[in-house]
There are 2 protein chains.
Amino acid sequence: MRPAGGAPRVVILGGGFGGLYAARALRRAPVRVTLVDRRNHHVFQPLLYQVATAALNPSDIAVPIRHILRRQANAEVILGEASAVDVGARKVILADGEVPYDYLIVATGAAHSYFGHDDWARFAPGLKTIEDALDIRRRILLAFEAAEREIDPDRRAAWLTFVIVGGGPTGVELAGAVAEIARRILREDFRHIDPGSASVFLVEAAPRVLQAFDEALAQRAAQALRGLGVEVLTGAPVSAIDATGVSIGDRRIPARLVLWAAGVAASPLARSLGVPLDRAGRVAVTPDLTLPGHPEVFVIGDLAALRQDGRPVPGVAPAAKQMGRHAARNILRAVRGLPYLSFHYRDAGSLATIGRAAAVAEFGRVKLWGLPAWLAWLVIHIYFLIGFRNRMLVILQWAWLYLRYESGARLITGDIDSLLNRDTSSRR
Amino acid sequence: MRPAGGAPRVVILGGGFGGLYAARALRRAPVRVTLVDRRNHHVFQPLLYQVATAALNPSDIAVPIRHILRRQANAEVILGEASAVDVGARKVILADGEVPYDYLIVATGAAHSYFGHDDWARFAPGLKTIEDALDIRRRILLAFEAAEREIDPDRRAAWLTFVIVGGGPTGVELAGAVAEIARRILREDFRHIDPGSASVFLVEAAPRVLQAFDEALAQRAAQALRGLGVEVLTGAPVSAIDATGVSIGDRRIPARLVLWAAGVAASPLARSLGVPLDRAGRVAVTPDLTLPGHPEVFVIGDLAALRQDGRPVPGVAPAAKQMGRHAARNILRAVRGLPYLSFHYRDAGSLATIGRAAAVAEFGRVKLWGLPAWLAWLVIHIYFLIGFRNRMLVILQWAWLYLRYESGARLITGDIDSLLNRDTSSRR
């Protein structure tokens, strides 16, 4: 449908931080906003690893996009998947329709990249969506179940070995959370295995973990991980992943569970925009965040490649939010006949949590670690969680988790048999 | 593995109310307990409809069985599916192993029965597991999404028509909850449809709903449902269900969503016990709850057919709990060389909730309806919820739901496309 007339139609693809903040920034603008997402919910990505590790429920960190925008009269939400953008005809192609636009904001984000080894995806799932998180949760919990029934010691050890590939914040947080599950939360649950005997490896190709952080902080994080029993392997590029383990050069780690937190690749939608992409599939945008030659098309968030002061703007939530607001501001200026402004990224700092009362944080020159960093992490994440209801529920569940080491979302749902690869020869 | 010697091994199949209460009742008994379930969690079935209608999270009403039994030193839990019982050899056959027993308690419950119309299952899912509840939640929420994008008025009306088949407590509760979602919770979320215009039908073949209840109470429940906008059709046996709707004799109701709350059939495991089964596939047990001719095999809960005082013991949670405790008591007596006692069912009353501040309840001669019945429902369900943590979370979410009409678990997860059956001809 063509807009009936009057207000220009702004179409936003993607309901992540970038798309959502753009939509909200347009709430009083004389435009009609259509937000398209293939999921009905916005996900608070920074806490997704807590769903994957059974600490929180999906709905604690995910809110229906319609609900967030329910009182924004100029906005509508379409559940649908954009397959391409026709920039010449100014319309978005969905699997089941077309949506014309006057302004377009592309904010479809990134997926995993296995650096050319797409066959690893089957053995080493990554963490981007609620479905990914539930799949990882199922795999972690099933590994302990399988170990409990396994009699052969080598096979049992392989079920109790967890390898996390990638030493960025997600990898560090996953490794810490998996170690805490094994050492504390499941402590009393089994009769034939000691969950605390599980091995957790964090494998990073670069010389150190948390490369975006100050080096001394990164070392403190690695120390805290070792304190939780995580083996941190740096300068260790993975050369093979299959159903039975991980190879790092000559070294072989037999493991039934491998998680991927190493690489991201921009959403394939970028290819249809008709502009050159960088190696990770991202769109090199102009300083005003638009597509070169198409001032009506904005690209923001993880999908946008932009250098500023000689450094790339990082693919983090605060950058996506700032870009979303900036794209909205520029559209508003265009509607009023004013020229676009250039985007300036303000570094909001970096945070990574390792476990109960342990984290590292960097806000400009202020560096925190241990309990103070963890408290900063706690306050910031609760503050930014969308919805007061979610905040209360998350606080309550964290209280249980951190005070009593009880996590509540330890459910194995969905398909079990295909993961267990059942072999009856050495079963209890 | 054979028991190492000494204590007799009690194997319990199924971690529902019957199996779990049996295991707990054996906590101080000189036996070794092995509980086998194909899921890692116990489900608080009476609130499952609230997960299906997005009011609660799966983990609010489901707790890992291991966690419940973690401090019971004489109990172990096996994640596995029993495919048969070899009563002669006294062992349970799993998909991936065998478990020998000295005493067996079969408590595998019931699944849906489509009364010979198994082809209806595809179009009218039932509600027994967490996975069922998540599937129904996805279908309900997707129906509104599809209606929002549909331009053709007839097709849109079909997306906004919900038929619940079966007027027992589950059907009544589902119909009330679906009506509340449409009328209240989604009220502001859409731009092209009015969710309040949705049609909800409750279809029952018998002359009235809630047949286990007093007739006057059942009429009050039907009235309360009509007050929520539910069309209650009684004396209306369904003759056909397909992808486009439901037929009741000559009447056709075009509907894209049909839910099944009509019939249950005992778990197929019963067939391997080598005894005659009743029409619903249940095992006619002796008054001491054992298999005729096999005093070491108990059958309890929904799987057991037992008449008492001329009436069948109903397939409800309190009956399963009482049977579980009784089977445990009889095993303890046998270990001590004492004879078995007969089981006596104590009717704990009946409850069904219709929506906010509306329910019907029957405790012997005490009959309640409206707000008092609803408060009784609230207190009883919170009291019986396993785990203090869950109780707190449920109370908090109910406060939001009933005070602010905001439900938090409105996430569409998993496969979307196969449900939408996408037809692009009349899409917005």
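**Note on the predicted two-chain model**

1. Start with the sheet in chain A. The model is predicted. Six strands form an open sheet in chain A, ordered β5-β2-β1-β9-β21-β20, and the pairing is mixed. The edges are β5 (75-79) and β20 (290-291) of chain A. Each of these edge strands pairs on one side only.

2. Strand β1 of chain A covers residues 9-13, and strand β2 of chain A covers residues 32-37. β1(A) and β2(A) run in the parallel sense and share five bridges. Within this pairing, A:Val10 stands opposite A:Val33 of β2(A).

3. Which strands does α9(A) touch as it packs on the sheet? The contacts are with β1, β9 (103-106) and β21 (294-299) of chain A. The direction of α9(A) makes about 170° with that of β9(A).

4. The length of this helix can be checked. Helix α9 of chain A has 19 residues, 317-335. At 1.5 Å a residue it should span 27 Å, and its end C-alpha atoms are 27 Å apart, so expectation and model agree. Just after α9(A), A:Gly337 takes a positive phi of about 80°.

5. Now the relation between the chains. Chain A superposes on chain B by a rotation of 180°, with 0.0 Å of shift along the axis and an RMSD of 0.0 Å. The two copies are therefore related as by a two-fold rotation axis.

6. Why can one say that the copies meet through the same surface? Of the interface residues of chain A, 100% are also interface residues in chain B, so the surface is the same for both copies.

Definitions and conventions: Residues numbered from 1 in each chain as written. Chains lettered and ligands numbered in written order. Predicted model: local features only at pLDDT ≥ 70, side-chain atom pairs only at ≥ 80, totals over all residues. Heavy atoms only, no water. Helix = DSSP H or I, 4+ residues; strand = E, 2+ residues; numbered from the N terminus. Expected span 1.5 Å × (residues − 1). Pairing = 2+ DSSP bridges. Contact = heavy atoms within 4.5 Å. Axes fitted to C-alpha atoms, helices over the stretch in contact; angles between N-to-C directions. Least-squares fit on C-alpha atoms with pLDDT ≥ 70 in both.
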